[in-house]
Amino acid sequence: MQTSNIQRATSNVEITERKHIEVKRWTFGVRRSHLFLFLLLLISGCSYVNVPLNDDKIVLEKRIKNHTLSETFAELRPLDSRRGNPAAATQRDIYPATSPAVAQAASFHDKDGYFVGLAISGGGLRSANFAAACMFQLERVGMLQKVDYISSVSGGSLPAAYYCLNHEHWNPKEVEQRMTHSFATDMLIQTLLPWNLFAMGFTDLDRSDLLAKTLRENLFTENGHEQTFADLLPDRPRLLINATDLQSGRRFVFCNQSFDEINSDLARYPIAYAVAASSSVPVLLHQVTLRDFTTDFKQYRHLIDGGVSDNLGVETLVETFRAQVETAREHGLPDPYPHGAIFIVLDAHVEYDQNISSKSDTGFFESLASAAGLTSASLLNRASQETLDDVVLKNAPDTATAKEIREALNKLHREGFVDLKNIGGHRIRVAHIALTQLQDLTEVPFHSFQDSVNSTSTYFNIDVRRAALLYTAADLLMRDRFEARLREVLEEMNGDVQR
């Protein structure tokens, strides 16, 4: 009997110990999962990546301003004095931040007296590759070297930013390789990783963060350093990346002025996130968020695809040109651009999707993607045409008749080039280099070629064969329609500089 009691007691002790061990294991497991969750929260992204420029304790009149090479109202020394000698200037090679508006207006003008702006449309990797191909053509002709500002949207922001950040890496081989990287596949793989799925459900990590990650890793990292707006090269054009403010529907330009408004340091902002914001198509991607540091209250700006407000990026250039001329006039300063403005627009939109016509039926996801693409493309194409027309209308002098304006618009649509005088008497030239112009070229059989170009989607993946067609298209368009005109402009510019 005593032995039996001892056995039962021993058995109870063993059961108690096993339960205690199980409780300890469960507790450790819970603690470990909590630790994992805590670490995940630390590393899985955040709602914003911008940082403050000034301590909010500093009174407004004593706060410093942003001084990067992303500037709509440039207070930088003339680019011509630095071209060909990158070592002669640095990111901080600027006039004093305390200079009044008059001194700012007097300091930014290029010596040649021409405002040369390059606008690059949206359109995923189709736009990225077509724009890069056109930029190499412009460089061959000698016009890219004259560009003062690049204004880009969505996929066009990839080559725009890459050009403004690189010297030795800006060459056909490297650019072709980098602009055909499968960014969308990278993003999809990252999205399906268990820890990212968990983080996207319980933290602020989203698809736009993952797009920014693959852009950073494959385009905007140099020697292990994540490139920011402080890394923009002083002998390259000033870079203006366009997004859309989700709350107001207005353009948001990544530039000194915009970041001054939210008291944020643009020099420390990653280029990859600016490009991701410019490319964040609603529904397909999440908005990119900026923290507004002008107040201690938590306020934010939410940014989506720049194509929603202007898919060509040309409005930013027109407004920059006009603002600089008007400011100089208001302060009694010499005309900064007596020889006028040259706007070169690289437009990657196409008329229709040739892929669908070759299939008897489409799958669910392809139908969804095609419908979304059709909706956005139709709206953006219409808006792009209206935006381009608006460039002519806004620059038409008061004395121009309706007939003269219609003729200028028709010439722009028909030939891709227009030369006119604006309200202030400045000569305005617009070169519209667009994929849709391929149908007007007659030297080679273009039907199958254009069908292949039209079947290149606006996705952030692209087949290398499609990319090669876009390079061919850029070469054909430049040699057939634009090279002679641009060379005439260059001869004029060089002649004015020599005089």
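Colleague: Which residues do ring pairs link into a cluster?

Modeller: Please keep in mind that this is a predicted model. By the ring-pairing rule the count comes to 16 aromatic pairs. Among the rings involved, those linked by pairs into a cluster are Phe115, Tyr149, Phe321, Tyr337 and Phe343.

Colleague: How is the pair of Phe252 and Phe254 arranged, stacked or edge-to-face?

Modeller: Phe252 counts as buried at 3% relative accessibility, and Phe254 likewise counts as buried, at 0%. Their ring centres lie 5.3 Å apart with the planes at 80°, and planes over 60 degrees apart fall into one class of the rule. The pair is therefore edge-to-face.

Colleague: How many residues apart in sequence are the parts that Phe254 and Tyr269 tie together?

Modeller: Phe254 also forms a stacked aromatic pair with Tyr269, at 5.7 Å centre to centre and 25° between the planes, and Tyr269 is buried with a relative accessible area of 0%. Phe254 belongs to strand β6 (residues 251–254), whereas Tyr269 sits in the loop between α9 (256–261) and α10 (271–278), so the parts tied together by this pair are apart in sequence by 15 residues.

Colleague: Where does the model have its lowest confidence, and where its highest?

Modeller: Across the protein the mean pLDDT is 78, with 70% of the residues reaching 70 or more. Where pLDDT is low, the predicted coordinates should not be read in detail. The lowest confidence, a mean of 39, belongs to helix α2 (residues 101–107), and the highest, at 98, to helix α4 (residues 157–165).

Colleague: Which strand is joined to β7 by bridges?

Modeller: In strand β7 (residues 288–292), 5 of the 5 residues are buried, so the strand is largely enclosed by the rest of the structure. Both of its faces are covered, with Val288, Leu290 and Asp292 on one side and Thr289 and Arg291 on the other. Asp292 stands opposite Gln299, and the two strands form a hairpin with 6 residues between them. The antiparallel partner, joined to β7 by 5 bridges, is β8 (residues 299–305).

Colleague: Which residues is Gln437 in contact with, leaving aside its neighbours within four places in sequence?

Modeller: Gln437 is found in the loop between β11 (427–434) and α15 (447–454). With a relative accessible area of 4%, Gln437 is buried. Leaving aside neighbours within four places in sequence, its contacts are Gly416, His432, Leu477, Arg481 and Phe482.

Note on methods: Residues are numbered from 1 along each chain as its sequence is written. This is a predicted model: local features need pLDDT of at least 70, side-chain atom pairs count only at pLDDT 80 or more; totals for chains, interfaces and linings use all residues. Side-chain values use heavy atoms; hydrogens and water are left out. pLDDT is the predictor's confidence in each residue, from 0 to 100. Helices (H or I, at least four residues) and strands (E, at least two) are DSSP runs, numbered from the N terminus. Buried means under 20% relative accessible area, exposed over 50%, partly exposed in between (1.4 Å probe, protein chains only). Two strands pair if DSSP finds at least two bridges between them. Rings of Phe, Tyr and Trp (its six-membered ring) pair if their centres lie within 6.5 Å; planes under 30 degrees apart count as stacked, over 60 as edge-to-face and the rest as tilted. Contact means heavy atoms within 4.5 Å.
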